[in-house]
Amino acid sequence: MSFKIIKKGIADSWQDAGNYGQQHLGIQVGGYMDFLSAQLANKILGNAIDQQVFEIHFPASTIEFEEAIFIAITGANFIPVLNEKSISINECIKINKGDQLQFLQPIHGRIAYLAISKKGPKEQVNPELIEHIESSLFNTSPIRFIPGPAWNDLTAGSIQHIMETSFQTTLQSNRMGFQLAGPHLSTIEPKSYLSSGVTKGTMQLLPSGQIIILMADHQTIGGYPNLGQIILVDLPRLAQMAHQTPIHFRLCNLTTAHEQFQFIQTQFTN
Amino acid sequence: MKINENDKKSSWQIHLLGDHAILFSLKEIIDTAINAEVHAFNYFIQSKNIHAIKDFIPAYHSLTIVYDIIALQKLLQQSIHEFAQSLVNEFEQFKKENNSFALTTNHIKVPVCYELDFGIDLEKIAKEKNCSVKEIIEIHTSKTYQVFCVGFLPGFAYMGKVDEKIQVPRHAKPRPLVSAGSVGIAGAQTGIYPKNSPGGWQIIGRTPITIFDPVQLALFAPGDMVSFYPISLDEFNSLQKETNHVI
């Protein structure tokens, strides 16, 4: 790679769009947690949008570049500094050999992305796209989901809690899943479920009565009640929520979910 | 594996799993015939080569397919639900026309050393079941098991069904470390830990062969048939030398 890590961050890794086609062997898909920021970083540099990017959690790695390249940093703002001078996020930045990149402190968001390119962009990315991504990542509107197979097994009270109460992200949140804190939820009857396939964004009801939302490194099958799945376009917003961020949920239908996904992907491919 | 129209136990239910997956499910029980139907359906859909489908996840009574939203939308004239229903209808039609079709599956024979140093729960199970350790080994090795699904860890195959005479529940408190290659039983199921990991299954032996490695991937695929045969400690050691066991 074109940089070396001088000081290792807690959970930084190279990620791409994920490795599909092997879930039947129990092999996780993985891939970036926030596809919007990852794609944006590539788009700013004129890369293919699904190119590998460096996913950065805080405390972040300190990086020294080994050649002259171009970079773009997107997603969370951890105050990136290049040779101790502050640099912008969501912009193409020219790098010289030996430059050092550090991240000082988390201002907002949970995950930053670093894309690299040897050639640099031919044209500037539409500022409206950057604005659109920023506003869809960092806002307080409800997280939308489509009810899952165990939704109707919930008590009326539990359904009401999900629709009306505020939940919170907790410290039990990582690339596998985000465990939430909220009112205690339960199914009408104590029922055991046979494991079946789960996806990114699946909301499972844990035996503790709390919700866990499966993220990029989730297991392929799961046996907890499947309450629903977060729609793909809202997952990056969830992925960017720092510890103890309040979350509200809202029902969504398939048509809306697909339209929104298509709309955003069209912006990236134009 | 043979699938007969007459064996039909229940009909397919369709559930759209969020905006990028579809869950097809049958009656929710651990049953070899129902699971065989899942593998047949999986095989049928895969043979259609629909590139918009990115993943197929068969499990006990269900098949989940993961799709690329944009690629599938381009392909379809109908709704996702209608598409899912048409897959079920085509499969039912296919079965009618091919009254009994055989699904080619691998039969994998796994060497297991049932020495007490490896089979750390054998004596306890023998006591609970009022039988000898030798009988447990005979019963475990006398059957051919079906791989219901693979999950929990990469390459971990859930197989069944274990003879009722030796069925035991999983440990109430999982062990923090179960060694790679450990062969366990839990309820009607048996399985092998592909690598060192925490685990709650009751351990009856250990295999020296590699269950999963990142290059050759998994030894077992859903729908495979598996049987176990006993080996001595000496055979275990020499087989292990030949294998690059992934820990």
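Predicted model: local features only at pLDDT ≥ 70, side-chain atom pairs only at ≥ 80, totals over all residues.
1. The main core. The largest nonpolar core holds 84 residues, and the members that touch the most others are A:Ile162, A:Ile211, A:Phe249, B:Ile22 and B:Phe24. Helix α1 of chain A, residues 35-45, supplies the largest share of this core, with 7 residues. As general background, nonpolar side chains tend to be buried together in soluble globular proteins.

2. Apart from neighbours within four places in sequence, A:Ile162 is in contact with A:Phe145, A:Trp151, A:Leu154, A:Phe167, A:Leu185, A:Ile211, A:Leu227 and A:Phe249. Two of these partners, A:Ile211 and A:Phe249, are also among the core residues that touch the most other members.

3. A loop residue. A:Thr199 lies in the loop of chain A that runs between β14 (196-197) and β15 (202-205). Is this residue buried or exposed? A:Thr199 has a relative accessible area of 2%, and it therefore counts as buried, since the cut-off is under 20%. Leaving out residues up to four places away in sequence, A:Thr199 touches A:Leu214, A:His218 and A:Gln229, together with B:Leu17, B:His20 and B:Ala21.

4. Cysteines. A search over all chains of the structure finds 0 disulfides. B:Cys131, for example, is in no disulfide, and the nearest cysteine sulfur, belonging to B:Cys113, is 19 Å away. Another cysteine, B:Cys149, is buried, with a relative accessible area of 0%.

Methods. Residues numbered from 1 in each chain as written. Chains lettered and ligands numbered in written order. Heavy atoms only, no water. Helix = DSSP H or I, 4+ residues; strand = E, 2+ residues; numbered from the N terminus. Buried < 20%, exposed > 50% of the residue type's maximum accessible area, 1.4 Å probe, protein only. Contact = heavy atoms within 4.5 Å. Core = buried A, V, L, I, M, F, W, Y, C linked by side-chain atoms within 4.5 Å. Disulfide = S-S within 2.5 Å.
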